[in-house]
Amino acid sequence: MKKIFSFLVLLTGMTMVTSCSKNDATYTAPEILPITVADVLFGAGGGDGSIVANTTSSLIATTNASWLTLKTNGNTVTVTSQANTSLEARSAKIIVSAADGATASVVATQHGLL
């Protein structure tokens with residue numbers, strides 16, 4: 001009987017400790033950068049495209065794709081694609097960020113040789 005009583009006391013204490021915590025966590029969604037032009041569909045031969053954002057802030061663009069080159073100028077990102085010598089298409093995510101903290105992601109796609 002003493003073991004059961006001790007177990008009930010322990011269980012009650014644990015319940016009180018865990019249920020009395022205050023959860024003040026708030027979630028703030030990141031600001032979305034409005035993209036007005038996303039011309040990033042390339043043929044197998046490669047070429048140039050652009051991403052234009054509706055902002056007055058300067059942009060920073062990044063990607064992990066080695067076949068893409070990104071250059072920013074004001075609210076425009078120029079995307080240059082190398083030729084795709086594979087039979088399969090490929091795609092890559094481009095993250096565009098404004099100086100004010102707003103971000104957007106754009107997927108660049110390139111056809112393969114047919």
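Biologist: Leaving aside neighbours within four places in sequence, which residues is Val-79 in contact with?

Modeller: Val-79 is in contact with Val-40, Phe-42, Gly-47, Asp-48, Gly-49, Ile-51, Leu-68, Thr-69, Leu-70 and Ile-94. Contact means heavy atoms within 4.5 Å. Some ground rules. This is a predicted model, where local features need pLDDT of at least 70 and side-chain atom pairs count only at pLDDT 80 or more, while totals for chains, interfaces and linings use all residues. Residues are numbered from 1 along each chain as its sequence is written, and side-chain values use heavy atoms, with hydrogens and water left out.

Biologist: Which residues touch the most other members of the largest nonpolar core?

Modeller: Val-79 is among them, with Leu-33, Ile-51, Leu-68 and Ile-94. The core has 20 residues. A nonpolar core here is a set of buried Ala, Val, Leu, Ile, Met, Phe, Trp, Tyr and Cys residues joined through side-chain atoms within 4.5 Å. Buried means under 20% relative accessible area, exposed over 50%, and partly exposed in between, with a 1.4 Å probe and protein chains only.

Biologist: Which elements give two or more residues to this core?

Modeller: Strands S3 (47-53), S4 (59-63), S6 (76-81), S7 (90-98) and S8 (103-110). The largest share, 4 residues, comes from S7. Helices (H or I, at least four residues) and strands (E, at least two) are DSSP runs, numbered from the N terminus.

Biologist: Where is Leu-33, and what does it touch?

Modeller: Leu-33 sits in the loop between H1 and strand S1 (35-39). Not counting residues up to four places away in sequence, Leu-33 touches Ala-53, Thr-55, Leu-59, Val-96, Ala-98, Ala-102, Thr-103 and Ala-104.

Biologist: Why does Leu-33 count as buried?

Modeller: Because its relative accessibility is 3%.

Biologist: Switching to the surface. Which residues form a nonpolar patch there?

Modeller: Ile-4, Leu-8 and Leu-11, with about 280 Å² of accessible area together. Patches take residues with over 30% relative accessible area and no salt bridge, joining like charges within 9 Å and nonpolar side chains (Val, Leu, Ile, Met, Phe, Trp, Tyr) within 5 Å. A salt bridge is a side-chain nitrogen of Lys or Arg within 4 Å of a carboxyl oxygen of Asp or Glu. Areas are Shrake-Rupley with a 1.4 Å probe; for residues, only the protein chains shown count as cover.

Biologist: And where does Leu-11 lie?

Modeller: In helix H1 (residues 2-19). Leu-11 is partly exposed, at a relative accessible area of 43%.

Biologist: Asn-73 and Ala-65: buried or exposed?

Modeller: Asn-73, in strand S5 (residues 68-73), is exposed, with a relative accessible area of 63%. Ala-65, in the loop between S4 and S5, is buried at 13%. Ala-65 and Lys-93 are 28 residues apart in sequence and 7.9 Å apart in space, C-alpha to C-alpha.

Biologist: Zooming out, how many helices and strands are there?

Modeller: There are 1 helix and 8 strands. The pattern along the sequence is α-β-β-β-β-β-β-β-β. The radius of gyration is 26 Å, well over the 13 Å that the globule rule gives for 114 residues, so the protein is more spread out than a compact globule. That radius is taken over C-alpha atoms, and the rule is 2.2 Å times the number of residues to the power 0.38.

Biologist: What does the C-alpha trace span?

Modeller: About 80 × 40 × 20 Å along its principal axes. Of the 114 residues, 26% count as buried.
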